[in-house]
Amino acid sequence: MNIIFLGPPGIGKGTHAEIVSKKHGIPRISTGEILREEIKKRTDLGKEAKTYMDTGGLVPDELVIDIFRERIGREDCRKGFILDGFPRTVTQAEELERITHIDFVLNLVAPHRVIIERITGRLTCRKCGAIYHAKNIRPKSEGVCDTCGGELYQREDQKEEAVEKRLELYEKRTKPLIEYYQRKGILKDVNVEGGKGEVSERIGREINDFIKSMGI
Ligand code: AMP
């Protein structure tokens with residue numbers, strides 16, 4: 001089962017892709033996460049990517065495609081995978097099609113104001129990457145990760161100015177992918193307004209319907 005989670009930054013792709021990944025035992029591949037690891041390790045790739053990421057820009061296609069190609073070639077992807085944050089441009093989608101097959105695309109949708117509120121309130125654990133929200137998913141102790149005790153911080157690209165730029169870029173570069181996959185007849189919209197549990201159930205139903213339709 002090869003799935004893409006599509007949608008603007010901040011809509012909750014990562015959170016929900018992770019839930020589906022655990023439930024179905026297939027890896028979630030987040031190019032954003034891989035790039036953040038490279039930044040942490042201070043590799044040349046990380047240093048280059050950081051200049052684009054901190055200001056809310058997109059990392060050049062060639063770099064992201066190379067990262068993706070390496071990741072998808074690993075053993076754990078053989079039974080399927082969930083893509084979170086890739087592809088983000090039509091060029092990436094076309095290249096993806098040359099590399100592997102996609103069965104199903106879930107397009108997460110919500111009003112603009114909901115997205116802004118979700119993303120600018122987000123807090124990330126420096127150590128394990130767990131995600132919290134200043135209003136909606138508060139840690140038990142302020143500024144500290146419930147799971148590993150790591151420090152919670154606001155990512156540079158989740159500050160208001162960068163978020164506006166990322167949303168603009170989404171409209172221009174990523175939104176065309178909705179039509180791209182609609183034309184292939186494999187895209188389904190899911191409204192993600194509401195609580196995490198409720199949304200997760202909605203997404204779960206879509207995935208189960210898809211699995212039934214595939215006969216797997
Ligand atoms: P994410 O964690 O998916 O929100 O990604 C964080 C940042 O990483 C994005 O704002 C981009 O700068 C960069 N990035 C992640 N995935 C891609 C991609 N597929 N194409 C270009 N840039 C990406």
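Visitor: What does the side chain of Gln92 have to do with the ligand?
Guide: An N or O atom in the side chain of Gln92 lies 2.9 Å from a nitrogen atom of the ligand. That is a polar contact, a pair of N or O atoms within 3.5 Å; within protein, one must be able to donate a hydrogen and the other to accept it, and residues adjacent in sequence count only if both atoms are side-chain atoms.

Visitor: How much of the ligand does the protein cover?
Guide: On its own the ligand has 470 Å² of accessible area (Shrake-Rupley method, 1.4 Å probe), and the protein covers 94% of this 470 Å².

Visitor: Where do these values come from?
Guide: This is a predicted model, where local features need pLDDT of at least 70, side-chain atom pairs count only at pLDDT 80 or more, and totals for chains, interfaces and linings use all residues. Residues are numbered from 1 along each chain as its sequence is written, and side-chain values use heavy atoms, leaving out hydrogens and water.

Visitor: Which backbone atoms lie by a nitrogen atom of the ligand?
Guide: A polar backbone atom of Gly85 is 2.9 Å from a nitrogen atom of the ligand. For Val59, a backbone N or O atom is 3.1 Å from a ligand nitrogen.

Visitor: Which helix gives the largest share of the shell?
Guide: Helix α2 (residues 31-40), with four residues. Helices here are DSSP runs of H or I, at least four residues, and strands are E runs of at least two, numbered from the N terminus.

Visitor: New topic. Asp84: buried or exposed?
Guide: Asp84 counts as buried because its relative accessibility is 7%; buried means under 20% relative accessible area, exposed over 50%, partly exposed in between (1.4 Å probe, protein chains only). Asp84 is in strand β3, and its side chain makes a polar contact of 2.5 Å with that of Arg28.

Visitor: Which residues touch the most other members of the largest nonpolar core?
Guide: Of its 28 residues, they are Ile4, Leu83, Leu96, Ile102, Val105 and Tyr181. Such a core is a set of buried Ala, Val, Leu, Ile, Met, Phe, Trp, Tyr and Cys residues joined through side-chain atoms within 4.5 Å.

Visitor: Which element gives the most to this core?
Guide: α4, with six residues. Another core, of 23 residues, lies apart from it and includes Met1 and Leu167.
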